[in-house]
Amino acid sequence: MLTANNTSVSRRLLGRLRDVMAGSGSPQERLDKVVTLIAADMVAEVCSCYVMRAGEVLELFATEGLKKDAVHKTRLRVGEGLVGDIAAHARPLALADAQSHPNFAYRPETGEEIFHSLMGVPIIRGSRVVGVLVVQNRTMRHYTDEEIETLETVAMVLAELITSGELVRREELVPVDGNALLPLRLEGVRFNAGVGLGVAVLHRPRITIRRLVAEDPDVELERLKKALTAIKNSLEELFSRPEMRDGEHRDVLETYRMFAEDKGWLNRISEAIMTGLTAEAAVQKVHDDTRARMSQITDPYLRERMHDFEDLANRLLQYLSGGDSDAAKGDLPEAAILIGRNLGPMELFDYDPKRLRGLVLEEGSATAHVAIVARALDIPVVGRVKDVLDKIEPLDQVICDGDNGQVFIRPPDDIRESFMDAMGQRQQRLAVYARLRDLPAVTCEGIKIGIHMNAGLLLDLQHLHASGADGIGLYRTELPFMARSSLPDVAAQTLLYRKIIDQADGKPVVFRTLDVGGDKVLPYWNPYDEDNPALGWRSIRITLDRPAVMRHQLRALLRAADGRELRVMFPMIAEVSELLQARRIFDIEVEHERAAGNPLPSKLLVGTMLEVPALAFQMEALLPHVDFVSIGSNDLTQFLFAVDRGNPRIAERYDPLAPAMLTFMKRVAAQCDAAGVSLSVCGEMAGRPLEAMALLGVGIRNLSLSAPSIGPVKTMVRSLDIGALRAYLDTIMDLPDHSLRSKLKSFAIDHGVTL
Ligand code: PEP
Ligand code: MG
């Protein structure tokens, strides 16, 4: 919080800085004057300005108080010494006794040994640290938060001078890859499948703020207010569009709307205006501060929220500096690949989705709001592509390969052609799969295989009928919970589940109860920081401990069914008693509905997921209590092999086609068969043709997979003779091999199975 006194100090300082910056003299002379001015104003014996040069080196560019000979000689690497530390972490440092800090690096040429205290702030432009501004005192001075704030504000004004290109050539400030103009292949993470080819459009190139220091804070506050109103109006307009009527992307924007009213954020901007900044400079400052601080935070939810603020800040800046956000739409090339650090949920709507062939992000996660929106718009997304913005120029050719989580920049002709071919073939395959739609999933010997679809968004339902799936084998109910800012109540849930059942149009839907925790973090509900979240308080453990949440969800499901069939499945059951406890809660809800005179489902089927190996050792006790079992191979692999499913370092270490996994599946299949209980597999394994083939070989007869995998898996089913495969598997299941993958592949080739 800034005090009135501090506010006037920094406003006075800013006023003087403005005069110096606008005055005569070379950039170096102006910088020299600036450090003298700051030292005097902040009552510091030293004020130094370090500027980032090529190669991540911070060079002393101007100083008041240190030896002048050191200017342009003293250089520190990012991370080296306290100055390097400030740059590396993009955060301020204030130390009463700097020399006792472990990172203190003594440079004799500066003569700084006589100064004990040090306060430094990063000079940030956009997301880059372009320098460090430091003050030092002889005494062991304790710098206050207000003084840090003042220095940060000054640093922001200085950033303008540093990045003007007058002090250091602009090319030096933007680290460009040595091979910038050569073709590049960059690895990332698949956030949404699909492949797109187009030219690079850099997401809203940074707005240059021309006016930093204001004459009259009241005028600036009024401008801020106007800008906020304009943004709220455009949000309202967005909400009124037909495509926004329902779906999870609407929830995402509801959450965003809340952020636009966040008091803390708005207050910080107003306070920054009161220090003498213009409205746009204040927005930028608060935004840079937030970003620098948030970049230290590892909590994925909080990091994602930062991008909501980022989106808002960009929008405000655009408005305040007279930009027109519609320009992005108008200028968009026919086939564009949008490249950005990260996008807020609303920003994708600024571009014409018909022209967007892909989205490449430096950051983000598959559950980020923008990824949810991109899925809704069917745009391939590759995320976490390190430093892509530094390696790409606007209008470069780009291939966004969402299927394999990779990006090709300026691809050579042969790669481009092979991708065009692949895309052409893909189109042809899609046409073949579309023709398969109405053909049954039956093996060569006439065994019917149930092919169901996995879903998690209302928008996925459109694929149910297009793909010819038998029904929805897994409806992950957690996404709407994750997209909102608070728990959806019974009415909201009923509405959503009713739409799902309506749109399934008579095809069965298996609703899985809330499966959060682990990597699926609920924004409003993350009370514990756990060492092993995958093994922690998650999924059924949460809903059994918080039965009201479970009861509300079950009540909503019963009401949504409205007299039709209802299938409910409980996730991550580790022992029969947990299932019984969940069933008892369900019974209470059924009674509740009966007593209220509400219609009960015509048929009620209750099942369990088998994801925790312990449950497989209680099959006899379990099977009389369930109508169906579904193996979640993602979590099962994690628990069977003790291998964290989110850790890329060990992602390839074990193979689900290992003898242990297939033996496990075979036993469970035999037990379910004997008890007459339907069994399916609904993890990623079921969606890969070779893995799906192996599952059929060990006795599984129902698969639930994502929509794009249905065509390939159905093709495999229709070319397979399960009898021959089973006989072959019997000969190899007991081998001590790490994996049976290559043997199964050979089987498929030898027996004409289409993979
Ligand atoms: C699984 O674990 O295999 C599964 C289907 O559930 P989720 O991926 O949602 O954890
Ligand atoms: Mg799971």
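Trainee: Are E611 and D635 buried or exposed?

Mentor: This is a predicted model. A residue is called buried when its relative accessible area is under 20%. Both E611 and D635 are buried.

Trainee: Which residues coordinate the magnesium ion?

Mentor: To read a metal site, one looks for donor atoms within 2.8 Å of the metal. Here the magnesium ion, ligand 2, is coordinated by E611 through OE and by D635 through OD, at 2.0 to 2.1 Å. The two residues link distant parts of the chain, being 24 residues apart. E611 belongs to the loop between β19 (604–610) and α21 (613–616), whereas D635 is part of helix α23.

Trainee: Which residues come nearest to ligand 1?

Mentor: Ligand 1 has 14 residues around it, and R476, R512, E611, N634 and R645 come nearest. The shell consists of seven charged, four polar and three nonpolar residues. Helix α23 (633–640) and strand β16 (472–476) each supply at least two of the shell residues. The largest share, three residues, comes from α23.

Trainee: Where are polar atoms found beside the oxygen atoms of ligand 1?

Mentor: For a polar contact, one looks for N or O atoms within 3.5 Å of each other. In R476, a polar side-chain atom lies 2.8 Å from an oxygen atom of ligand 1.

Note on methods:
Residues numbered from 1 in each chain as written. Chains lettered and ligands numbered in written order. Predicted model: local features only at pLDDT ≥ 70, side-chain atom pairs only at ≥ 80, totals over all residues. Heavy atoms only, no water. Near = heavy atom within 4 Å. Polar contact = N/O pair within 3.5 Å; in protein donor to acceptor, adjacent residues only side chain to side chain. Helix = DSSP H or I, 4+ residues; strand = E, 2+ residues; numbered from the N terminus. Nonpolar A, V, L, I, M, F, W, Y, C, P; charged D, E, K, R; others polar. Donors = N, O, S within 2.8 Å, 3.2 Å for Na, K, Ca; no water. Buried < 20%, exposed > 50% of the residue type's maximum accessible area, 1.4 Å probe, protein only.
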